[in-house]
Amino acid sequence: MATRYWIAALPVQSADGSSIAAAKTALWGRLQDSISRHSFDTPLYRFTVPDLRPGTLDSLLALSDDLVKSNIFIEGVSHKIRRQIEDLERAGGVESGTLTVDGVPVDSYLTRFVWDEGKYPVNAPLKETVASIQSQVAKIEDDMKVRVAEYSNVKSQLGAINRKQTGSLAVRDLSNLIKPEDMVTTEHLVTLLSIVPKYSQKDWLASYESLDTFVVPRSSKKLYEDNEYALYTVTLFAKVVDNFKVHAREKGFQIRDFEYSPEAQESRKQELEKLLQDQELMRTSLLQWCYASYSEVFSSWMHFCAVRVFVESILRYGLPARFLSVVLAPSTKSEKKVRSILEGLCGNANSSYWRSEDDVGIAAGLGGETESHPYVSFTINFV
């Protein structure tokens with residue numbers, strides 16, 4: 001599937017009293033013939049734009065000023081949703097699904113575009129149609145921000161828990177490293193947990209018994225070791241805990257506060273399981289919403305493109321509407337040839353609002369490409 005398309009509109013000139021429809025059909029035939037002979041690898045499709053309500057020239061000029069900016073916004077929202085879909089599928093370990101509009105793949109929706117008159121009446125003022133599209137897309141974007149924030153919040157909570165469980169011994173949660181038999185707690189005795197730098201373990205073993213006179217001899221046992229630290233137990237009389245901590249800190253050993261509680265450990269386990277379930281439910285729900293919303297935004301975007309083609313063609317070629325709009329997907333190596341074909345089919349048609357001495361300036365005003373062309377043309381990118 002191509003991800004970059006041109007939407008172009010060529011002027012239709014009727015001669016010998018032929019109808020605009022007949023002239024349009026003839027121009028379509030010449031374009032098909034030229035593409036097949038000189039750029040056969042370029043997909044070419046009709047892009048059917050209905051006979052919309054043009055309004056006044058002033059209203060069209062005012063509208064054209066906003067078309068490019070609005071297109072950037074709508075295209076940007078579609079890309080945000082698409083990237084969110086990719087992220088969610090990657091997080092779920094599933095392959096990317098096909099993006100569709102009402103079950104039709106998005107590329108087919110573009111190349112077989114049909115105006116939805118039920119949603120956008122053709123006799124409505126263009127300004128209202130554009131405003132309706134912008135409002136709908138803006139609402140979807142706002143909704144997405146809220147939904148993504150909620151999902152990200154759960155991910156952040158899980159990330160914090162994971163960091164506590166997998167980080168350095170100096171900061172991580174120790175509960176899953178400690179067994180009941182590792183801890184001694186009586187009326188007079190208590191077991192402490194010491195975080196010893198990895199390369200200071202010999203120093204710890206040689207000195208911990210002398211850090212206070214009430215330390216139980218040979219009571220220290222290594223429970224775990226990571227890249228930086230080792231976790232040791234030490235048992236001593238409860239009355240000297242504070243003094244022992246001070247002396248241990250002076251030697252570079254960190255005593256971690258820890259109270260073994262099976263109930264607390266079970267509570268943390270249940271909290272983690274619930275967060276994991278919440279995350280998956282929210283990921284699935286958000287993914288479904290993104291698929292549906294991408295369909296809605298993409299459909300709105302294509303209707304917006306149809307309005308843009310109509311407005312730019314009227315401003316360039318004049319009234320009544322006499323243009324042939326098409327969709328092409330040329331390869332990079334074919335672009336120059338396709339541009340030449342399109343230019344060759346333009347003839348000398350120019351609207352009274354298109355003056356050759358400042359083509360570039362007007363092209364920018366009409367939302368044209370950076371490079372000026374004697375026909376309406378703009379590019380849309382799916383990704």
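**Close-up 1. Helix 2 passes helix 4 in a left-handed crossing.** In this predicted model, helix 2, which covers residues 57-91, packs against helix 4 at an angle of about 30°, and their axes are 10 Å apart. Since angles under 35 degrees count as roughly parallel, helix 2 and helix 4 are therefore roughly parallel to each other. On the side of helix 2, the contact is made by L60, L63, S70, F73, I74, V77, K80, I81, Q84, L88 and A91, while helix 4 brings L126, K127, V130, I133, Q134, V137, A138, I140, E141, M144, V148 and Y151 to the contact. Sorted by class, the residues of this contact between helix 2 and helix 4 are 17 nonpolar, 3 polar and 3 charged.

**Close-up 2. Helix 2 and helix 7 cross in a left-handed manner.** The two helices pack with their axes 8 Å apart and at an angle of about 155°. Because angles over 145 degrees count as roughly antiparallel, this value makes helix 2 roughly antiparallel to helix 7. The contact of helix 2 with helix 7 contains 24 nonpolar residues, together with 6 polar and 5 charged ones.

**Close-up 3. Helix 4 and helix 7 also meet in a crossing that is left-handed.** The axes of helix 4 and helix 7 come within 9 Å, and they cross at roughly 160°. Helix 4 and helix 7 are therefore roughly antiparallel to each other. In the contact of helix 4 with helix 7, the classes are represented by 22 nonpolar, 8 polar and 8 charged residues.

**Close-up 4. The largest pocket holds about 360 Å³ of space.** Its lining is formed by 17 residues, and those that lie nearest the centre of the pocket are Q165, D173, S175, Q265 and R268. When the lining of the largest pocket is divided by class, it has 9 charged residues, 4 polar residues and 4 nonpolar residues.

**Close-up 5. A cis peptide bond joins L319 and P320.** The omega angle of this bond is about -5°. P320 is placed in the loop that lies between helix 7 and strand 9, the latter covering residues 323-328.

**Close-up 6. D102 has a positive phi although it is not a glycine.** The phi of D102 is about 55°. D102 is found in the loop between strand 3, which covers residues 100-101, and strand 4, which covers residues 104-105.

Technical notes
Residues numbered from 1 in each chain as written. Predicted model: local features only at pLDDT ≥ 70, side-chain atom pairs only at ≥ 80, totals over all residues. Heavy atoms only, no water. 1 Å grid on protein atoms, 1.4 Å probe; cavity = no way out; pocket = protein on both sides within 12 Å on 5 of 7 lines; lining within 4 Å. Points joined across faces, edges and corners; volume = space filled by probe spheres on them. Nonpolar A, V, L, I, M, F, W, Y, C, P; charged D, E, K, R; others polar. Axes fitted to C-alpha atoms, helices over the stretch in contact; angles between N-to-C directions. Helix = DSSP H or I, 4+ residues; strand = E, 2+ residues; numbered from the N terminus. Parallel < 35°, antiparallel > 145°, perpendicular 65-115°, else oblique. Left-handed = near helix turned anticlockwise from the far one by under 90°. Contact = heavy atoms within 4.5 Å.
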